[in-house]
Every structure is written in C-alpha cells, then in structure tokens.
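Dear colleague,

I am handing over the structure we spoke about, and it is placed just below this note.

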Amino acid sequence: MAKHVYIKTFGCQMNERDSEIIEQLLAGSGYIGVADPGSADLILLNTCSIRAKAEQKVYSLLGQLREEKSRRPGLRIGVAGCVAQQEGEEIFRRMPHVDIVLGTQQIYRLPDILASLEKGDTQRELAVDMEQDFAIPPFQKLLRGDGRRPPSPAGTNCDYKKFVTIMQGCNNYCSYCVVPSTRGREISRPVADILEEARLLVAQGVREITLLGQNVNSYGRTNPVATQPVSFAGLLRQVAAIPGLARLRFTTSNPRDLSEELMQCFADLDNLCPQLHLPVQSGSNRILARMNRKYTVETYLDRVAALRRYRPGIALTTDIIVGFPGETDEDFEATMELLRTVRFHGSFSFKYSDRPNTRSAGFADKVPEEIKSARLQRFQQLQDEISLERNKEYIGKTVEVMVESCSGQEVKGRTATNHVVHFCSDRQPAAGEQLAVRIVHAGKHSLRGEPAARGQERTRPGPHETSGGHR
Ligand code: SAH
Ligand code: SF4
Ligand code: F3S
C-alpha cells in the first residue's frame, strides 16, 4: 500500500528543489506526496537557518508535532536542510520525537534510511556528514526505472516551470552568513548532467527553467571533479539553446564576479529573461568590507549600468541587510542613497541576525534591535514607493505573460521581468501558456492588465518582450 509523505519547505529555492528531489526519491520507495500532515506517514521539515527567526520557526513547529506523534506512534518525523545540518544531534536532544535528522548532502540516502527504520535496524537516524569531495548524484539516479519523472508532488513547484540546481555549497564566507557551514564547500554539477535534466524537463512540457546556485557566477571554478572548463556564461548559453525553452532565469549572483561575458548573455539570448536578482547587502563600502563581500558600491553601480546597457529594461532586485554590526546612521543613509540611485524594482530586506559559525557573530559593536527595526521600516517604505513608480512604468505597455494559475475568470501570471500580473479572461488558459496582456493598473507588488486582443490572444512573443525564440 502507498505511504504518504508531507514535506514542509522553508528557506530558499535550493531547498524547494531539494524537497522536490526528496519527493522524487521517495516516489521510488512507494511514497505519495500529500498536502495534509494529518494523513502523512512521514512528515519532513526541510529547514532554513539563514536568520535566527527561521530556526526558531522550525523548533516551534517541531514542538507542535509532539502531540501528533504521541497520538500516532507509527508516524515518522524527519528534519532536513540547513537547521538539520547545523544542529545535528541537538535536534534529538531538544525534540526526542524526531526520528531522522538529515544533513544537506545526505538527502539522497533518505530511502535507505527509511528502509532501515522500517526493518527496525535502527531507532533513529542522524545523517549529517559533510564530505569535502561531495558530488551531486547524476540526474539519472533520481528517475524511476521507466525514465519518467514521478508525478509532481502536491504543494511544490508547478509543472511548467522548474528549478535546476547547478551547484551546491558556497566558498564565499560573507562574514554574516551560515550557508558555507550548512551547505559545505562549493561544488558544480557536470554540464552534461545539467543539460540532460534541462532537456528532459523541456521535453516533458516545462517552459521555464531557473538555474540555481548560491553563487552561480563561480560555476565550474571550484569543482574538484570538473573535467570541463566551462564558465557559467558558457553553461547558460547551452541551456538557452535547448529548443522549446521559453524562459530561462538564474539565481543567485554575487556582484563581485558578475563577468562581462555573463552580462553579454543578456544581450545575446532572447529567452534569458530581462531580470536579475543582484544582492548588494549595503550601500556603505565600510560595511561591505566588514561583510567580506569583496566589491565596492562603485563596482556595483558600474555593473548595474552595464547590465542596463546590455539589456535595456532589465528589472533588477536585491537583498539588503540593515543593522549589520558597526552600521552607523551614515552607513545606513548610504544604503538609502544606493536605493534612490539604482531604483530597484523590488528588494528583500532583513534585520541583521547573529548566526552560529559566522565571523560577524563575534563582532563587538552590535546595533540595538529598535534601531534595526526603524531602519528596516524606513528602507521598506522607500522601496515600496520606488516599486510602485517602477510598476507604473508598465502602464499602457503590452507584455508577454506566462500563466501561473486561474481562479474562475481571474488569471494570474508573470512577465519575463518576473512581475506578477492579474487579468480576466473569458476562457481558462493553461498554466505555462503565454498571452499578450496590456497593463492598465500598477500596485506596488503586482500589475493588472487585460488581454491585448480579446479572442486573438497570441502565444508567440509580443513586440515589447521576447521569449521563446527557439520554438
Ligand atoms: N547566496 C546569496 C544569498 C543567500 S542568503 C547571495 O550571496 O546573494 C539570502 C539573503 O539573506 C542574503 O542575501 C542576505 O541579505 C540575507 N542574510 C544572510 N545572512 C543573514 C544574516 N545573518 N542576517 C540577516 N540577513 C541575512
Ligand atoms: Fe552566504 Fe555570501 Fe555565500 Fe551568499 S555568497 S551564500 S551570502 S556566503
Ligand atoms: Fe536557508 Fe539554507 Fe537556503 S540557510 S536560505 S535554506 S541555503
């Protein structure tokens, strides 16, 4: 009889993709994904440790599951992801009802771990080893015997757009960041494996692919098993050339090594979306140096200008940390100034949070919580104003929207610039379909439009955006 697994995913896209991989692996062991933890035989939390709050959330959810486990002793509870990697055995100590703690490199062992728990060989499993020469297993290993992907799991990514992990880990050691210790050393997947996965996805009807890595720009550089001398730009060109791939994106890019060769791709590749998430973190060179980001505000601004030259209209988003240790009012004003200068389409902004095994956790001059909150609020207010102004620039324009979902006549989709667009349609378009939509209204978080030509909606690229040039 089929068993049921419920997976809750926290954190970044890397975790989302890992959750999918876990579901794919478990499908091979007879597990079906469910959206209700109450009906699950296995509850798995795929966790994030990037800020203290993210970690607290995991512990509080685990606390709530204690009762569920005492009601249903056969239920298995597992913790995967960055908190599992960071905390290890401590999770069993604080949460004795947890059965499995699965580190970030160990997800591929989950079917074996479950089998040995079922046989009663072990009571509990702690699998958090980190290998120096870890390699992501070849994609073929994730497929079922018949070579087809298992059905898409409930509650995760939709079928027409997918993530493809191209590397794991990070060697950058930004002074505030837990990722190098939770994800291990940077390792790139072989080009052939990535291409095989991407081609199969497109053959199965996937229209949009996002390539994932903590720092995609260093793809291929730090791989001890690399046999192919290829840059990220080289890889991007090969993926973009897959016939039928309408949209290609990638994340995340460290501004430090955003190469000219990579920026050139934005000019050359039609299906590379005009959108880039380029985390800057701070507008103060003094703080950037303390963060160990290894670029200056000036180089960042140069790259922004270059990107806009290579791809006019490119939508830029960023990440900001406010209240980093030692951040003065002047440093913070420099961040506000940077926001006014670049006018990002959107941003994710966070209060600095001390993390284990990071250098900045040991810095003396911590910023008080109230000041962090006040700065965050001011930053977000200005960003909201700018996002609204930016979004208003689309009013009157016709953009290509890829449909995400429909609810009655109300359709939601995304532009190539990654803006959410809502519009009404007489018929229900399929997810992944591309329609020309004229924007008539802009809010700070989304746009509203109407089909450009009712009854004659096109599925080919419109005049104001390009995509899917290879079909
Ligand atoms: N690899 C990506 C970032 C991954 S973490 C990059 O280098 O751009 C996502 C974001 O979380 C970071 O960009 C940063 O803004 C934020 N972040 C990371 N560590 C943090 C910390 N200790 N406190 C607050 N925010 C943090
Ligand atoms: Fe963390 Fe820096 Fe690596 Fe990004 S580049 S994951 S912020 S250490
Ligand atoms: Fe969080 Fe780990 Fe991603 S700490 S942001 S889930 S790499």
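This is a predicted model: local features need pLDDT of at least 70, side-chain atom pairs count only at pLDDT 80 or more; totals for chains, interfaces and linings use all residues.

**Domains and ligand sites**

The centres of domain 1 and domain 2, taken over C-alpha atoms, are 27 Å apart. The division of the protein chain as a whole is into domain 1 (3–127), domain 2 (158–273), domain 3 (281–392) and domain 4 (393–471).

Ligand 3 belongs with this pair of domains, because domain 1 and domain 2 both contribute residues to its shell, so that ligand 3 lies between them. The residues that surround ligand 3 are Cys12, Asn15, Thr47, Cys48, Ser49, Ile50, Cys82, Val179, Arg183 and Gln214. Sorted by class, the shell around ligand 3 holds five nonpolar, four polar and one charged residues.

For ligand 1 the two domains involved are domain 2 and domain 3, and since both give residues to the shell around ligand 1, it lies between them. There are 15 residues around ligand 1, of which Tyr176, Gln214, Gln281, Asp319 and Ser353 come nearest. By class, this shell around ligand 1 consists of six nonpolar, four polar and five charged residues. Among the secondary structure elements, strand S13 (315–322) and strand S14 (346–351) each provide at least two residues of the shell around ligand 1.

An N or O atom in the side chain of glutamine 214 is 2.8 Å from a nitrogen atom of ligand 1. In arginine 51, a polar side-chain atom lies 3.1 Å from an oxygen atom of ligand 1, and in arginine 293 a polar side-chain atom lies 3.4 Å from an oxygen atom of ligand 1. Of the 550 Å² of accessible area that ligand 1 has on its own, the protein covers 90%.

Around ligand 2 the residues are Cys170, Asn172, Tyr173, Cys174, Tyr176, Cys177, Val179, Pro180, Gln214, Asn254 and Arg293. The classes in the shell around ligand 2 are seven nonpolar, three polar and one charged residues.

**Helix packing and backbone details**

Helix H9 (residues 260–268) and helix H11 (residues 297–310) have axes that come within 8 Å and cross at roughly 30°. On the side of H9 the contact is made by Glu260, Met263, Gln264, Phe266 and Ala267, and on the side of H11 by Arg303, Ala306, Leu307 and Tyr310. Taken by class, the contact of H9 with H11 has six nonpolar, one polar and two charged residues.

Asparagine 292, although not a glycine, has a positive phi of about 65°, and its place is in the loop between helix H10 (285–290) and H11. Arginine 343, also a residue other than glycine, has a positive phi near 55°, and arginine 343 is found in the loop between helix H12 (329–342) and S14.

Notes: Residues are numbered from 1 along each chain as its sequence is written. Chains are lettered from A and ligands numbered from 1 in the order in which they are written. Side-chain values use heavy atoms; hydrogens and water are left out. Axes are lines fitted to C-alpha atoms, for helices over the stretch in contact, and angles run from 0 to 180 degrees between N-to-C directions. Helices (H or I, at least four residues) and strands (E, at least two) are DSSP runs, numbered from the N terminus. Contact means heavy atoms within 4.5 Å. Ala, Val, Leu, Ile, Met, Phe, Trp, Tyr, Cys and Pro count as nonpolar, Asp, Glu, Lys and Arg as charged, and the others, Gly among them, as polar. A residue is near a molecule or strand if one of its heavy atoms lies within 4 Å of it. A polar contact is a pair of N or O atoms within 3.5 Å; within protein, one must be able to donate a hydrogen and the other to accept it, and residues adjacent in sequence count only if both atoms are side-chain atoms. Accessible areas come from the Shrake-Rupley method with a 1.4 Å probe; for residues, only the protein chains shown count as cover. Domain bounds come from an automatic or database domain assignment.
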